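Open the model in your viewer and keep the selection panel at hand. The stops below go from a whole chain to its parts, then to the other chain and the contact between the two.

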Amino acid sequence: MSFIKIYGLFLRHFYLITRSFPRILDLIYWPSIQITLWGFISNFFASHSAYYNNAVGVILTCAILYDFLFRTSIGFNMLFLEEIWSRNFTNLFIAPIKIGEIITSLVITALIRALIGLIPAILLTSPLFGISILDLGIYLFFLFMSLYIFGITLGILVSAGLLRFGPSFENIAWSTMFLLAPFGCIYYPVEILPEFFQKIAYLLPLVYIFEEARSILIDHTVNYKNIMNAFYLNGVYLILAISLFYYSFGQARKKGTLINIGE
Amino acid sequence: MQNLVEVINLKKKYGSKEAVKDISFNIKENEILGLLGPNGSGKTTTIGMMLGLLKPTYGEILIDGKKIEENRIETLQKINFISPYIELPKKLTVRQNLIVYCKLYNVLNIKNRIEYLVEKLRLEDLLDRVTGELSSGQKNRASLAKALINNPTVLFLDEPTASLDPEIGDFIRSFLENYKKEKKISILLASHNMNEVTRLCKKVLMMKDGSIIDKGNPEELIRKHGRKNLEEVFLKLSRSKDELY
C-alpha cells in the first residue's frame with residue numbers, strides 16, 4: 001500500500017469539498033434537519049410513552065447513530081459515483097493504484113465526509129433538546145465503530161455493483177439503506193418485528209448495535225454480547241464485500257464495463 | 001531500437017462476438033504507430049486491453065518487456081492515456097488536478113514536474129482556473145499535461161486533436177513530435193484525422209472487424225492502393241469486404 005497514492009485520492013475529494021461552499025452546506029444540511037426533526041419527535045414520545053419515559057434521548061441518539069451509518073454508506077457511494085459523473089473513471093483506473101489503495105482512500109474520505117455532516121448535528125442536540133450522545137459513554141466509540149464498518153461495507157458492496165453493472169446500478173446505491181432500515185430496528189425493539197423478519201434482523205449487525213444503545217440508555221446495562229455480535233457480523237460482511245469488489249473488478253475487466261463506465 | 005510495446009496474438013471475445021481477432025504488432029522506442037479503422041473495428045477494445053482496463057481473452061501485451069496482466073501496477077506506472085471521451089475532474093483547478101495525479105503516479109518532485117509541463121504546454125494562465133470552465137482546446141492541453149505527468153514510456157492517444165481548432169491542433173501535433181524526439185517514447189495514436197496520422201506516423205495499422213487488414217508506412221500504403229492520400233486508402237479499406245494484407 002502506498003500512503004502517497006491513498007493521500008492523492010483523498011486529496012482529489014478534499015479539493016472538491018473545500019472548493020464548493022454548497023457542497024459543504026449540503027453535507028451539513030441534511031443531518032442537521034434530520035436530527036432536529038427526530039429531536040421534536042423524541043420529545044413528543046418522551047412525554048407520551050411509558051417506554052421512553054425515562055430516556056428522553058433514546059430516539060434522538062438512535063437517529064444520530066443511524067444518520068452516521070447512512071452518511072458513511074452514501075458518502076462512500078458518492079465518492080465512487082463522483083468519478084463516473086465527472087468522467088474521470090478511466091483516468092483513475094489506468095493510474096497505478098491498487099484496489100486496496102482505492103478502497104482505503106474512499107473509506108477514510110467517507111468518514112471525514114460523514115463527520116463534517118454529523119458533528120454540527122450532534123452539537124445542535126445539546127442546546128436544542130438538552131441531550132448529549134456522549135451519555136453512551138465509552139461504548140459510544142464501539143457503536144460508532146461498528147456502524148462505520150457496516151456503512152463502508154454497504155458502500156463497498158454498492159460500488160462493486162457499480163463496477164460490475166455500470167451507472168445503471170446507481171439507483172440501488174440510493175436505496176440500500178432504506179431497504180435495510182426496517183430490519184435494523186433503529187427506533188423500536190426487535191420484538192416488534194414479525195418472527196420471520198426477526199430472523200433476518202439478527203443476521204445484520206444493526207440490530208445488535210441499536211439494541212445495545214437502548215440497553216445502555218434505558219436499562220443502564222451494557223450487554224457485551226451485543227457489541228461482540230455486531231463486530232463479528234461486521235467482520236464477516238466486510239470480508240465478503242471486499243472480496244466481491246475484487247471479483248467485480250475482475251468481471252468488469254472481462255465484460256468491458258470499465259471502458260463503458262469511463263466514457 | 002527496442003520494442004517498448006509488444007502485442008502478441010491478442011484476442012477479445014464478448015460471449016460469441018469476437019471484438020479483436022488475433023492481432024499482433026510492436027511499437028518501437030521513439031516511434032508513433034497510427035491505429036486506424038472505422039467505428040467498431042476494435043481500436044478502443046485494443047487500447048482498453050493495452051491500458052489494463054480489459055482482460056484479453058487470449059494473447060499477451062508486454063510494455064517495456066513486462067506482461068501487463070502479471071505486472072499491472074508496474075506497467076501502468078510507465079504508460080498514460082488521453083482521450084476526448086474522458087476528462088479531468090471539472091470542479092478542481094488545473095493545478096489541483098495535476099497535484100492529485102502526481103500523487104497517484106508517485107511523482108517525486110511535483111513542483112518541478114508541473115513547472116516543466118506548464119511551460120511546455122503553455123498552461124501558465126490556466127493553472128489556477130477551474131478545469132470545467134476551460135475551452136476544449138485548453139482542457140485538451142490540461143489533459144495532455146496529466147497524460148505526461150508520470151513521464152510515460154508509452155503514451156496512448158485516442159483522437160488527441162478531435163474538436164480542436166486548426167491552430168491548437170497544430171500546436172498539439174508539433175508538441176507531440178518534439179516530445180517524442182526529446183524523450184524517445186513510444187506513442188500509439190488512434191485517430192480519424194488522416195492528415196494528422198500522415199504527419200505523425202511512420203507506420204500505421206488498419207483495423208476492421210477486429211482484425212488488422214493492412215499495415216505499413218502511410219506513403220507506401222497510398223502507393224500500394226493507388227490512392228491520392230491516406231483518407232482514400234482508409235475509405236477503400238473500410239468499404240471493402242475482404243482484404244488484402
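A residue counts as buried if 20 or more other C-beta atoms lie within 10 Å of its own, as exposed if 12 or fewer do, and as partly exposed in between, with C-beta atoms placed from the backbone. This is a predicted model, in which local features need pLDDT of at least 70 and side-chain atom pairs count only at pLDDT 80 or more, while totals for chains, interfaces and linings use all residues. Residues are numbered from 1 along each chain as its sequence is written, and chains are lettered from A and ligands numbered from 1 in the order in which they are written.

**Chain B as a whole**

Select chain B. Of its 245 residues, 47% are buried. Along the principal axes, its C-alpha atoms fill a box of roughly 50 × 40 × 35 Å. The radius of gyration of chain B is 18 Å, which agrees with the value near 18 Å for a compact globule of 245 residues; the radius is taken over C-alpha atoms, and the globule rule is 2.2 Å times the number of residues to the power 0.38.

Colour by secondary structure next: chain B has 9 helices and 10 strands. Helices (H or I, at least four residues) and strands (E, at least two) are DSSP runs, numbered from the N terminus. Two residues are in contact if their C-beta atoms, placed from the backbone, lie within 7 Å. Among the contacts in chain B with a separation of 6 or more, 67% join residues 24 or more positions apart.

**Two domains in chain B**

Select 1-78 + 153-245 of chain B as domain 1 and 87-151 as domain 2; these bounds come from an automatic or database domain assignment. Their C-alpha centres lie 25 Å apart. Domain 1 gives 8 residues to the contact and domain 2 gives 9. On the domain 1 side, the largest share is 3 residues from helix α6 (residues 166-183) of chain B.

**A hairpin in chain B**

Now select residues 203-208 and 211-216 of chain B, which are strands β9 and β10 and pair in the antiparallel sense over 5 bridges. Strands pair if DSSP finds at least two bridges between them. B:Lys208 stands opposite B:Ser211. The two strands form a hairpin with 2 residues between them, and B:Asp209 in the turn has a positive phi of about 50 degrees.

Go to chain A and select α9, residues 205-219. The end C-alpha atoms of this helix are 20 Å apart, in agreement with the 21 Å its 15 residues should span; the expected span is 1.5 Å times one less than the number of residues. In α9(A), 11 of 15 residues are buried, including A:Tyr208, A:Phe210 and A:Arg214. What covers these buried residues includes α3 (58-85), α6 (139-165) and α10 (224-255) of chain A. A:His220 follows the helix with a positive phi near 55 degrees.

Move to α6(A), where 20 of 27 residues are buried. Just after α6(A), A:Gly166 has a positive phi of about 85 degrees.

**Between the chains**

Last, show both chains. How many residues does each chain give to the contact? Chain A gives 30 and chain B gives 27. On the chain A side, α1(A) gives the most, with 10 residues.
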